Amino acid sequence: EKPFSCVTCGKSFQYKSSLTDHMRTHTDEKPFSCKSCGKNYKTRKGLSYHMRTHTGEKPFSCRTCGKGFSRKDHLSIHMRTHTDEKNFSCRTCGKSFHHKSSLPAHMRTHTGEKPFSCRTCGKSFYQKIYLM
């Protein structure tokens with residue numbers, strides 16, 4: 001049962017606090033502030049995840065290789081490297097990737113877009129790593 005509904009988009013929630021957190025996606029309100037660096041977050045959970053960047057805490061570990069992660073979803077993404085699961089495929093050539101973030105960079109090889117330019121010589125690249 002989800003009795004709490006968003007008046008803006010209609011999405012429903014089980015708890016009033018979840019609706020309150022959701023409403024900030026529409027208002028862009030960020031009431032939770034990091035005492036270390038001042039960065040602001042929409043939810044307490046978002047601030048909690050951020051605090052791990054300051055503390056170095058990595059409570060989620062890979063059972064295969066031991067690598068630690070600050071977030072459970074980051075561990076889940078990492079696990080694809082061990083299972084060779086590649087859920088993100090290029091519609092142009094069919095090449096597949098472990099990470100969703102790899103696909104846009106790959107697509108630029110087809111479009112020819114090179115958004116990363118050297119300030120010294122002006123040469124452009126389709127991936128930031130090649131500029132570096």
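Me: Where is Asp84 found?

Reply: Asp84 is in the loop between α3 (72–83) and β7 (88–89), where helices (H or I, at least four residues) and strands (E, at least two) are DSSP runs numbered from the N terminus. This is a predicted model, in which local features need pLDDT of at least 70, side-chain atom pairs count only at pLDDT 80 or more, and totals for chains, interfaces and linings use all residues. Residues are numbered from 1 along each chain as its sequence is written, and side-chain values use heavy atoms, with hydrogens and water left out.

Me: Why is Asp28 called partly exposed?

Reply: Buried means under 20% relative accessible area, exposed over 50%, and partly exposed in between (1.4 Å probe, protein chains only). Asp28 has 48% relative accessibility, so it counts as partly exposed. Asp28 lies in the loop between α1 (16–27) and β3, and has a positive phi of about 65° although it is not a glycine.

Me: Why does the span of helix α2 agree with its number of residues?

Reply: The expected span is 1.5 Å times one less than the number of residues. For the twelve residues of α2 (residues 44–55) that gives 16 Å, and the end C-alpha atoms are 16 Å apart, so the two agree. Just after α2, Gly56 takes a positive phi of about 80°.

Me: What makes Cys121 exposed or buried?

Reply: Cys121 has a relative accessible area of 58%, so it is exposed.
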